[in-house]
Amino acid sequence: MYRLLLLLPIGIIAISTASIFIKLCDAPALIISTYRMVLASLILMPWASYQKVWRGWEKKDIVWLIFSGIFLSLHFASWIASLKYTSVASSVVLVTTHPIFVGIGSWLFLKERLGLNLILGIGFSVIGSGLIGYGDMVLSKEALIGDGLALLGALAASGYFLVGRKMRKNQDLLSYIFPVYSTAGLVLIILSFSFRQPFFGYSSTTYLLFFLLAIVPQLIGHTTFNWALKYLPASLVAITILGEPIGSTILAYFILGEGLTFWKILGGISIFAGILIALKKEV
């Protein structure tokens, strides 16, 4: 219990940096996604090889691991692209609507009960996310494209969390995340080649940001939540990640100069309330 209470906030802070790093990159969305996943996989490779994580895989496990990696690659490809069209707050607000889809999916496919605390937590958190983005949504063609891509990212993230919950019940952390991150990286490489995106020629700052994306939001942030999937329902882990809009909005205010409005502050309070309500029963 205490490890969950300690590590989940660290995970939220870590993933909150992702949108800031992405906004500062001078590279296409697919390339940013590809470098993030490939570098994360390469960093994990020595530990995965030493432990021979593939020894315990069965054929059915490999299929699910591939599905999880595909969902993760689609999540990053669409969400990171959305940040090129709309603001950090709008993008993160919409991509973090995934608890709705995860909650429904957990009930339908994993037979996990939707308790009252979790339902109330989802409600408060989603309302809070909406409040954060209320004053930031700009009704323009570009913004609508960004909104649609962020929602697509939310759907893909839902599949990623549902498969993760299924697999992590009986699988250790490294043997799960290494093939999933590697599959996502491979899919993104193929997509980048398909769309003829250049892999080289970027500034040294952008390459540094690629490494930071791989280490902080991916290896620290996402890995923390994959660890938590062994102990908590997928819907609860998904709702905890709704703390990301708070961190991202605050960082965007100080680093990118994006405004911090009354609605965003009120939304942050609502999200925190939702997370506390949802955690109260489960932890």
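Guide: The largest cavity has a volume of about 190 Å³. A cavity here is a set of points on a 1 Å grid over the protein atoms alone, where a 1.4 Å probe fits but cannot get out. Points are joined across faces, edges and corners, and the volume is the space filled by probe spheres set on them. The model is predicted, so local features need pLDDT of at least 70 and side-chain atom pairs pLDDT 80 or more, while totals for chains, interfaces and linings use all residues. Residues are numbered from 1 along each chain as its sequence is written, and side-chain values use heavy atoms, without hydrogens or water.

The structure holds 1 cavity of 30 Å³ or more. Its lining (residues with an atom within 4 Å of a point) has 16 residues, and I15, H75, H222, I241 and E244 lie nearest the centre. Helix 4, helix 8 and helix 10 (204-228) each give two or more residues to this lining. Helices are DSSP runs of H or I with at least four residues, numbered from the N terminus. By class, the lining has 10 nonpolar, 4 polar and 2 charged residues. Nonpolar covers Ala, Val, Leu, Ile, Met, Phe, Trp, Tyr, Cys and Pro; charged covers Asp, Glu, Lys and Arg; the others, Gly among them, are polar.

H75 also belongs to a helix contact: H75, W79 and S82 of helix 4 meet S91, V92 and V95 of helix 5. Contact means heavy atoms within 4.5 Å. An axis is a line fitted to C-alpha atoms over the stretch in contact, and angles run from 0 to 180 degrees between N-to-C directions.

V88, A89 and V92 in helix 5 meet E244, P245, S248, T249, A252 and L256 in helix 12. Helix 12 covers residues 244-256, and its angle with helix 5 is about 170°, with the axes 9 Å apart. Helix 5 and helix 12 are therefore roughly antiparallel as well. By class, this contact has 6 nonpolar, 2 polar and 1 charged residues.

Helix 4 has a part in an open space too. It gives 3 residues to the lining of the second largest pocket, the largest share. A pocket is an open set of points with protein on both sides within 12 Å along at least five of seven lines. The second largest pocket holds about 210 Å³. Among its lining residues are W57, K60, D61, W64 and K166. Helix 8 (141-168), like helix 4, supplies at least two residues of that lining. The lining divides into 3 nonpolar, 3 polar and 4 charged residues.

These helices belong to a chain with 13 helices and 0 strands.

Note on methods
Angles under 35 degrees count as roughly parallel, over 145 as roughly antiparallel, 65 to 115 as roughly perpendicular and the rest as oblique.
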